[in-house]
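Let us take a walk through this structure together, one region at a time.

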Amino acid sequence: MKEALSIILIAHNEEKNIGSMIEGLLKHYSKEIMEILVVDDASTDETAAIAESWQRRNLKVKLILRTPPCGVGRALRTGFSHVHPQAKYILTMDSDFTKNIEQVSSLLEVIEKSDCDGVIGSRFIPGSILINYPLLKKLMNRLFHALVRRIFHIQQHDLTNNFKLYKVEIIKGMPWRSNDFALNAETGIFPIIAGYNVKEFPVVWAGRSQDMGKTKFSIFKFGGSYIRVIFYSWILLRQKRKISLKL
Ligand SMILES: Nc1nc2c(ncn2[C@@H]2O[C@H](COP(=O)(O)OP(=O)(O)OP(=O)(O)O)[C@@H](O)[C@H]2O)c(=O)[nH]1
Ligand SMILES: [Mg+2]
């Protein structure tokens with residue numbers, strides 16, 4: 001694959017990680033990468049300055065500066081709308097996913113060598129490794145997945161990890177709705193409900209160590225948004241059924 005990959009890195013106060021993410025991705029995948037879109041949401045630290053210095057040095061790095069209201073969903077949607085028209089694949093990643101950089105090649109291999117439309121970097125299948133995953137977060141995550149898998153008859157085990165590789169047309173064609181972290185659930189569920197062939201590949205997930213800055217996720221703040229995604233998914237499923245009835 002030659003320069004067909006658009007990578008979206010969402011970032012809010014990630015000065016400790018964003019430089020190594022950009023550097024690591026460019027070092028390992030200069031042949032595959034068409035662009036790295038860093039979507040910064042009003043960071044108050046050096047995140048934007050670091051990304052800008054990379055942008056000056058490398059034409060593939062593009063910094064997108066958002067203004068409030070902030071949010072993971074808003075940032076991802078902004079990233080989606082800026083993807084280069086000639087990109088073939090979109091890879092989404094968090095800015096603290098330095099341990100996943102080497103695994104990008106595995107995701108690319110799966111999508112290139114099989115007939116699938118997308119690959120989810122999965123934390124919950126044999127071969128996955130979890131480091132420092134807080135117990136409450138894991139429990140809520142598993143509960144959410146149990147519900148979603150049962151309601152929508154979904155086979156995949158991890159829908160909410162923001163380490164996903166899709167063909168561009170899938171990302172461009174979905175009715176994304178959430179403004180916050182819950183968009184990471186939509187990017188897992190919506191394409192599957194729409195009928196696309198989505199595979200999983202086991203990955204590492206490492207919680208932040210002390211030198212990686214603070215987390216922005218809170219179950220109490222964002223939990224309700226994940227429940228709303230179940231409702232949005234149900235609407236999408238109904239629309240899909242209506243369309244297939246008409247055909
Ligand atoms: N653009 C943007 N990015 C955000 C916002 N909130 C969080 N992020 C980014 O979303 C990603 C995930 O946030 P994290 O704080 O790592 O949350 P987490 O991965 O669930 O938990 P930890 O890794 O344990 O902190 C990181 O790259 C953050 O910088 C936001 O409002 N806007
Ligand atoms: Mg994180």
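This is a predicted model: local features need pLDDT of at least 70, side-chain atom pairs count only at pLDDT 80 or more; totals for chains, interfaces and linings use all residues.

E3 sits in the segment before β1, and its phi is positive, about 40 degrees, although E3 is not a glycine. Most residues other than glycine have a negative phi, and most peptide bonds are trans.

With 19 other C-beta atoms within 10 Å, N13 is partly exposed. Two further backbone details are worth a visit. P68 and P69 are joined by a cis peptide bond, with omega at about 5 degrees, and P69 belongs to the loop between β3 and α3. Just after α7, G195 has a positive phi of about 105 degrees.

Now step back to the sheet. In what order do its strands lie? Seven of them form an open sheet with mixed pairing, and the order is β3-β2-β1-β4-β7-β5-β8. β3 (61-66) and β8 (198-202) are the edge strands; each has a single partner strand, so one side of each has no neighbour in the sheet. From one strand to the next, the twist averages 20 degrees. Strands of a sheet pair through backbone hydrogen bonds, either parallel or antiparallel.

Both senses of pairing can be found here. β1 and strand β4 (residues 89-94) run parallel and are joined by six bridges; I10 stands opposite D94 in β4. On moving from β4 to β7, you meet an antiparallel pair with four bridges, in which L91 stands opposite L165 of β7. Strand β5 (residues 118-122) also pairs with β7 in the antiparallel sense, over three bridges.

Is K164 buried or exposed? K164 is buried, because 26 other C-beta atoms lie within 10 Å and 20 or more is enough to count as buried. Leaving aside neighbours within four places in sequence, K164 is in contact with T92, G118, I120, G121 and T187. Of these, G118 is 46 residues away from K164 in sequence, yet their C-alpha atoms are 7.3 Å apart in space.

T187 leads us on to the helices, as T187 is one of the buried residues of α7. Helix α7 (residues 183-193) is mostly covered, with 11 of its 11 residues buried. Among them are L183, E186, F190 and I193. Helix α2 (residues 47-57) lies across β1, β2 and β3, and runs at about 150 degrees to β3.

Which residues touch the most other members of the largest nonpolar core? That core has 56 residues, and I7, L9, I36, V38 and A51 are the ones with the most such neighbours. Beyond its neighbours within four places in sequence, A51 is in contact with I18, I22, V38, D40, V61 and L63. In soluble globular proteins, nonpolar side chains tend to be buried together.

L26 counts as partly exposed because it has 17 C-beta neighbours inside 10 Å. Its contacts, apart from neighbours within four places in sequence, are I33 and N58. L26 and V61 are 35 residues apart in sequence and 9.1 Å apart in space, C-alpha to C-alpha.

We finish at the ligand. Among the 18 residues around ligand 1, the nearest are D41, C70, A75, T215 and F217. β1 (5-11), β2 (33-41) and α3 (72-82) are the elements that each contribute two or more residues to this shell. What is the make-up of the shell by class? Seven residues are nonpolar, five are polar and six are charged.

How values were computed
Residues are numbered from 1 along each chain as its sequence is written. Chains are lettered from A and ligands numbered from 1 in the order in which they are written. A residue is near a molecule or strand if its C-beta atom, placed from the backbone, lies within 6 Å of it. Ala, Val, Leu, Ile, Met, Phe, Trp, Tyr, Cys and Pro count as nonpolar, Asp, Glu, Lys and Arg as charged, and the others, Gly among them, as polar. Two strands pair if DSSP finds at least two bridges between them. Axes are lines fitted to C-alpha atoms, for helices over the stretch in contact, and angles run from 0 to 180 degrees between N-to-C directions. Two residues are in contact if their C-beta atoms, placed from the backbone, lie within 7 Å. A residue is buried if 20 or more other C-beta atoms lie within 10 Å of its own, exposed if 12 or fewer, and partly exposed in between; C-beta atoms are placed from the backbone. A nonpolar core is a set of buried Ala, Val, Leu, Ile, Met, Phe, Trp, Tyr and Cys residues joined through C-beta atoms within 7 Å.
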